[in-house]
Amino acid sequence: MAAYDLQEQEQIDALKAWWADNGKLVIAVVVLALLTLGGYKGWQYWQNQQAEAADTRFEAVQQALQSGKVKQARAELAQLQKESAQSAFTPRAALLTARAAFEAGDTKIALADLKWVAEHAEEAPVKDMAQLRMATVYLDTKQYDLGLSALASIKGEGLQASALSLKGDLLVAMNKRKEARLAYQQALERAKSDEQLKARLEMQIDALGDVK
């Protein structure tokens with residue numbers, strides 16, 4: 001029994017010595033871990049709040065445009081760009097306001113919104129969509145070289161058929177019929193299951209005839 005007590009006392013003494021040497025470090029590690037966890041939770045909460053706020057403003061943009069309240073939609077977009085420029089909702093809202101501006105004949109505003117999307121969107125397909133629509137505006141405003149430049153910025157495969165089709169339209173407008181025919185043929189090869197686009201491309205190729 002005495003030997004057992006002596007062994008136990010030795011273990012207690014060893015533990016005390018270890019704690020004296022390492023106690024402060026253990027406490028520091030635990031405090032740091034708690035602070036890190038607390039900071040992460042706080043960051044997650046802030047992110048969720050930002051996402052919810054951006055979602056709400058995106059819906060406000062949609063509803064305003066559907067109600068024909070363009071000025072209100074633009075005010076909501078401006079707040080989105082100010083408060084949530086990195087949100088995925090913001091470039092999508094700008095695409096909507098750009099389309100509304102283009103349909104209203106305000107190509108200057110449409111281009112400004114689309115350029116903002118091209119510069120700030122983090123998703124490549126959204127950037128490509130902005131470039132495609134910019135090319136459409138440039139075709140409408142007879143800025144053909146700028147239209148071709150915008151199309152050249154499209155890298156993803158998803159919009160290549162539409163981009164080549166629009167390239168053909170730009171080249172026709174520039175009276176480059178041979179190059180336009182080639183662009184339409186390339187678009188047709190990539191149109192795949194888009195029967196409506198394929199039918200339109202075939203008509204455009206036929207309309208060009210045997211260009212030299």
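**Reading the model together**

Modeller: Let's begin with accessibility: E157 is partly exposed, with a relative accessible area of 47%. Buried means under 20% relative accessible area, exposed over 50%, and partly exposed in between (1.4 Å probe, protein chains only). Before we go on: this is a predicted model, where local features need pLDDT of at least 70 and side-chain atom pairs count only at pLDDT 80 or more, while totals for chains, interfaces and linings use all residues. Residues are numbered from 1 along each chain as its sequence is written, and side-chain values use heavy atoms, with hydrogens and water left out.

Colleague: Which residue forms a salt bridge with E157?

Modeller: A salt bridge here is a side-chain nitrogen of Lys or Arg within 4 Å of a carboxyl oxygen of Asp or Glu. For E157 the partner is R190, with the closest N and O atoms 3.2 Å apart. R190 sits in helix α8 and E157 in the loop between α6 (144–152) and α7, so the pair ties together parts that are 33 residues apart in sequence. Helices are DSSP runs (H or I, at least four residues), numbered from the N terminus. R190 is partly exposed, at 37% relative accessibility.

Colleague: And how many salt bridges does the rule count?

Modeller: Six. One of them joins the side chains of R92 and E123, at 2.7 Å from N to O. That one also links distant parts of the chain: R92 is in helix α3, E123 is in the loop between α4 and α5 (124–140), and they are 31 residues apart. R92 is partly exposed at 31%, and E123 is partly exposed at 32%.

Colleague: Where do K198 and E195 lie?

Modeller: Both are in helix α9, three residues apart, which is about one turn of the helix. K198 counts as partly exposed at 21% relative accessibility, whereas E195 is exposed at 51%. Elsewhere, salt bridges that share partners join R57, E76 and E83 into one network.

Colleague: Let's go inside. Is L77 buried or exposed?

Modeller: Buried, at 1% relative accessibility. L77 is in helix α2 (residues 70–83). For its surroundings we use contact, meaning heavy atoms within 4.5 Å. Leaving aside neighbours within four places in sequence, L77 is in contact with V61, T90, A93, A94, T97 and D113.

Colleague: What does the side chain of S165 make a polar contact with?

Modeller: The side chain of R200, at 3.3 Å. A polar contact is a pair of N or O atoms within 3.5 Å; within protein, one must be able to donate a hydrogen and the other to accept it, and residues adjacent in sequence count only if both atoms are side-chain atoms. S165 lies in helix α7 and is buried at 2% relative accessibility. Setting aside residues up to four places away in sequence, S165 touches Y184, A187, L197, R200, L201 and Q204.

Colleague: What about backbone angles, say phi of N175?

Modeller: It is near 65°, a positive value in a residue other than glycine. N175 is in the loop between α7 (160–173) and α8 (177–190), and it is exposed at 60%. K192 also has a positive phi, about 50°, although it is not a glycine. K192 lies in the loop between α8 and α9 and counts as exposed at 60% relative accessibility.

Colleague: Last one: which domains does the assignment give?

Modeller: Domain 1 (22–122) and domain 2 (124–211), with bounds from an automatic or database domain assignment. Between them, 15 residues of domain 1 contact 13 of domain 2. They bury about 1200 Å², 74% of it on carbon and sulfur atoms; buried area is the accessible area (1.4 Å probe) that two parts lose on being put together, summed over both. Across that interface the rule finds zero salt bridges and two residue pairs in polar contact, both at pLDDT 80 or more. On the domain 1 side, α3 (89–103) and α4 (107–120) each supply at least two residues, and α4 gives the most, with nine.
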